[in-house]
Amino acid sequence: MATMTVRLTSTKCSFLLCCCLLLVSIASSSSSSGAFLPPSSSSSQKVSVGLYYESLCPYSAKFIVNHLVKLFDDDLISIVDLHLSPWGNTKLRPDNLTFVCQHGPYECLLDTVEACAIEAWPKLSDHFPFIYCVESLVSEHKYDKWETCYEKLELNSKPMDDCLSSGHGIELELQYAAETNALQPPHKYVPWVVVDGQPLYEDYENFIGYICNAYKGNAAPGACAGNSGNALHRVSLKRISPVCRKGTRVSDVFDRVKSGFKSWMNSILVNIAGLAFT
């Protein structure tokens, strides 16, 4: 019996030792891979920002070039998870495979170009400079020179050429269509800026104030020093910024204004002519 007791005790110790070694192994594996660790505070506390836009809306271009780029000042981008969606007010045709863009076929091309850029260079630090370059040309009315952005940024155009020529860019645009059409509340115009799930409506140019107000981390970037304190005040002011509304082309507005002006001038000339003969 004594011998059996010793053997049982030895077996029990061996079993416990194996369990301990197994736990140590799992803990070591978890630490090295990070698979069992909670997300870091910096990533979990980032503020999500979505920009839903179309390439040839002048207000979208202006927002990207003059405002959105400020995310890269004072390390503000470190607290932001930015998502770009180049679709905007584009309409799907009944076949759900082709679409009509608000500012014409060239806008469809540039939206697809920017969708391919996001696919070709997934990192924000890689695709944002390209989109910024294209939208800068839009602001300068030189958007047909968009391919010069490859050389300016020293980018290899092959992945973009493959994306555009293969039709994959169209597939990406259809994905952005589904994403944009699923927005709740639905978007009404572009640029449509959403911070942590909440649209900013026509106060979108004050987006930094909203970001700083939404950020719950400990160390806010320097850019928030002048924004976080008065973010709610800015929200209450509801500054109205210009937008491209659904179903309204900017060129159509100018055409209506021009037509109305011509009619007004013609009526004045008729009246002057009538006075001349009286």
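How many helices and strands does the secondary structure of the protein chain come to? The chain comes to eleven helices and eight strands, where helices (H or I, at least four residues) and strands (E, at least two) are DSSP runs numbered from the N terminus. This is a predicted model, in which local features need pLDDT of at least 70 and side-chain atom pairs count only at pLDDT 80 or more, while totals for chains, interfaces and linings use all residues. Residues are numbered from 1 along each chain as its sequence is written, and side-chain values use heavy atoms, with hydrogens and water left out.

**View 1. The protein chain as a whole.** Of the 278 residues in the protein chain, 37% are buried; buried means under 20% relative accessible area, exposed means over 50%, and partly exposed lies in between, with a 1.4 Å probe and protein chains only. A contact is counted when heavy atoms are within 4.5 Å, and among the contacts between residues at least 6 apart in sequence, 72% join residues at least 24 apart.

**View 2. An open sheet of four strands, in the order E2-E1-E6-E7.** The pairing in this sheet is mixed, and two strands are taken to pair if DSSP finds at least two bridges between them. The edge strands are E2 and E7 (198–199), each of which pairs on one side only. Strands E6 and E7 pair in the antiparallel sense over two bridges, and Val194 has Pro199 as its bridge partner in E7. Helix H8 (residues 168–181) packs on the sheet, where it touches E1 and E2, and the direction of H8 makes about 110 degrees with that of E2; angles run from 0 to 180 degrees between N-to-C directions, and axes are lines fitted to C-alpha atoms, for helices over the stretch in contact.

**View 3. The crossing of helices H4 and H7.** Two packed helices are described by the angle between their axes and the distance between the axes. The axes of H4 (residues 105–120) and H7 (residues 158–166) come within 9 Å and cross at roughly 125 degrees. That angle makes H4 oblique to H7, given that angles under 35 degrees count as roughly parallel, over 145 as roughly antiparallel, 65 to 115 as roughly perpendicular and the rest as oblique. In this pair, Thr112, Val113, Cys116, Ala117 and Ala120 of H4 meet Pro159, Met160, Cys163 and Leu164 of H7.

**View 4. The crossing of helices H3 and H5.** The axes of H3 and H5 (residues 124–139) come within 9 Å and cross at roughly 130 degrees, and the two helices are therefore oblique to each other. On the H3 side the contact is made by Ala61, Lys62, Ile64 and Val65, and on the H5 side by Phe128, Ile131, Tyr132, Glu135, Ser136, Val138 and Ser139.

**View 5. Asp111 in helix H4.** Asp111 counts as buried because its relative accessibility is 0%. Leaving aside residues up to four places away in sequence, Asp111 touches Glu54, Ser55, Pro86, Trp87, Thr90, Cys101 and Glu173.

**View 6. Asn181 in helix H8.** Asn181 counts as exposed because its relative accessibility is 52%. Again leaving aside residues up to four places away in sequence, Asn181 touches Trp87 and Leu92. The C-alpha atoms of Asn181 and Asn89 are separated by 9.6 Å, although these residues are 92 apart along the chain.

**View 7. Helix H9 (residues 207–214), which is mostly covered.** Seven of the eight residues of H9 are buried, namely Phe207, Ile208, Gly209, Tyr210, Ile211, Cys212 and Ala214.

How values were computed. A crossing is left-handed if the near helix is turned anticlockwise from the far one by less than a right angle, and right-handed if clockwise.
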